[in-house]
Amino acid sequence: MNQTITGPVAPAPDVHSPKAPIIDPFGRTISYLRVSVTDRCDFRCTYCMAENMTFLPKKDLLTLEEMDRLCSAFIARGVKKLRLTGGEPLVRKNVMSLVESLSRHLESGALEELTLTTNGSQLARHAADLARFGVRRINVSIDTLDPEHFRAITRWGDLAQVMEGVEAALAAGIAVKLNAVALKGLNEDEIPSMLRFAHARGMDLTLIETMPLGETGEDRTDRYLPLSDLRRRLEEEFTLTDLPDRTGGPARYVKVAETGGRLGFITPLTHNFCESCNRVRLTCTGTLYMCLGQNDAADLRSVLRAPDSTEQDLFSAIDAAIALKPKGHDFIIDRKTSGPKIARHMSVTGG
Ligand code: SAM
Ligand code: SF4
């Protein structure tokens with residue numbers, strides 16, 4: 001089902017109070033909003049972007065004030081966790097002013113967690129402010145600890161700069177989780193050393209399967225590594241004990257006896273996690289995607305920009321959008337389906 005709502009949505013007959021939770025047609029309560037604050041990035045990771053990307057014109061982007069207004073509407077309707085992502089969130093000009101303004105919802109208690117996913121390149125200069133504005137945990141994406149492999153995977157990245165960012169975040173008291181995309185023939189042999197490195201510094205490590213999102217100029221079937229295989233190989237070296245699922249998210253965690261740390265697996269291809277999905281994604285142009293792996297979307301920017309639009313108009317548009325949330329995705333990577341399942345890049349929807 002590919003549906004797009006354009007233009008202001010007529011107020012729903014059942015007008016919601018600001019406190020009414022957002023519940024989708026399958027009874028799932030939406031409590032987690034991921035916001036892509038920019039589609040731009042200072043890296044060009046081979047599985048994520050093509051080297052020559054065409055980015056959105058700046059005029060199409062929501063202003064930071066518009067983002068704040070939309071996020072605040074979601075928070076008023078029960079969103080408890082908000083993640084800023086991208087693209088690279090920390091390359092958006094003045095992004096810290098958005099973090100600062102959103103932090104009022106942490107202070108009021110309406111929001112439980114404000115966090116971000118970053119490539120770490122700009123983290124050293126922002127870590128102290130992030131901590132000051134109430135960010136307690138962040139995810140940093142690092143696929144390898146080898147500087148040359150890092151450059152090859154990110155095309156433009158500098159591992160030393162990212163490591164400086166990680167250290168700055170830890171020094172500021174922010175808990176860091178490392179995210180690594182498992183890439184056949186690129187970093188698969190490095191996972192044990194990354195595990196030891198992360199756990200020795202008190203960081204969790206989460207492994208992610210490559211997802212078929214957007215053209216990158218590469219064939220993903222060559223790099224796709226099922227995490228079920230990787231887990232079996234890790235179990236030859238480590239004792240992994242499943243932990244109960246408490247996040248409601250896509251990651252399944254295990255405890256690693258030898259290191260005492262936690263290892264997560266995000267397996268959109270080998271394990272379907274949709275039944276407990278509690279999240280939606282907002283792009284930097286104000287399009288709300290109800291599922292990372294489907295095209296159902298709603299244009300909230302036109303509601304925001306409609307003359308005299310009220311908070312109630314936003315609530316109604318959010319409700320109409322959530323009514324389209326699909327049951328789940330159906331990603332597949334195989335020889336017959338090697339092109340992207342979804343044409344938009346992860347950097348647009350917000351990974
Ligand atoms: N630039 C930031 C970063 O790299 O952390 C935030 C955005 S990035 C799109 C978010 C996460 O998505 C990263 O951990 C990245 O490795 C992951 N990612 C990007 N493209 C992916 C794909 N096609 N399949 C799986 N993970 C992907
Ligand atoms: Fe940029 Fe993150 Fe995509 Fe890498 S994964 S190109 S850092 S948005």
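How far is a nitrogen atom of ligand 1 from an N or O atom in the side chain of Glu88?

Reply: The distance is 3.2 Å, from a nitrogen atom of ligand 1 to an N or O atom in the Glu88 side chain. Keep in mind that this is a predicted model. With a cut-off of 3.5 Å for N or O pairs, the Glu88 pair counts as a polar contact.

Gly87 also takes part. One of its polar backbone atoms is 3.0 Å from a nitrogen atom of ligand 1. Ser141 uses its side chain instead: a polar atom there lies 2.5 Å from an oxygen atom of the ligand. Of the 550 Å² of accessible area that ligand 1 has on its own, the protein covers 96%.

Now the wider shell. There are 19 residues around ligand 1. Those that come nearest are Tyr47, Gly87, Glu88, Ser141 and Met211. By class, the shell has 10 polar, six nonpolar and three charged residues. Strand E4 (113-118) supplies at least two shell residues, and so does strand E6 (175-181).

Gly87 leads on to the other ligand. Gly87 is among the residues around ligand 2, as well as among those that come nearest to ligand 1.

Technical notes
Residues numbered from 1 in each chain as written. Chains lettered and ligands numbered in written order. Predicted model: local features only at pLDDT ≥ 70, side-chain atom pairs only at ≥ 80, totals over all residues. Heavy atoms only, no water. Near = heavy atom within 4 Å. Polar contact = N/O pair within 3.5 Å; in protein donor to acceptor, adjacent residues only side chain to side chain. Areas by Shrake-Rupley, 256 points an atom, 1.4 Å probe, with all protein chains shown as cover. Helix = DSSP H or I, 4+ residues; strand = E, 2+ residues; numbered from the N terminus. Nonpolar A, V, L, I, M, F, W, Y, C, P; charged D, E, K, R; others polar.
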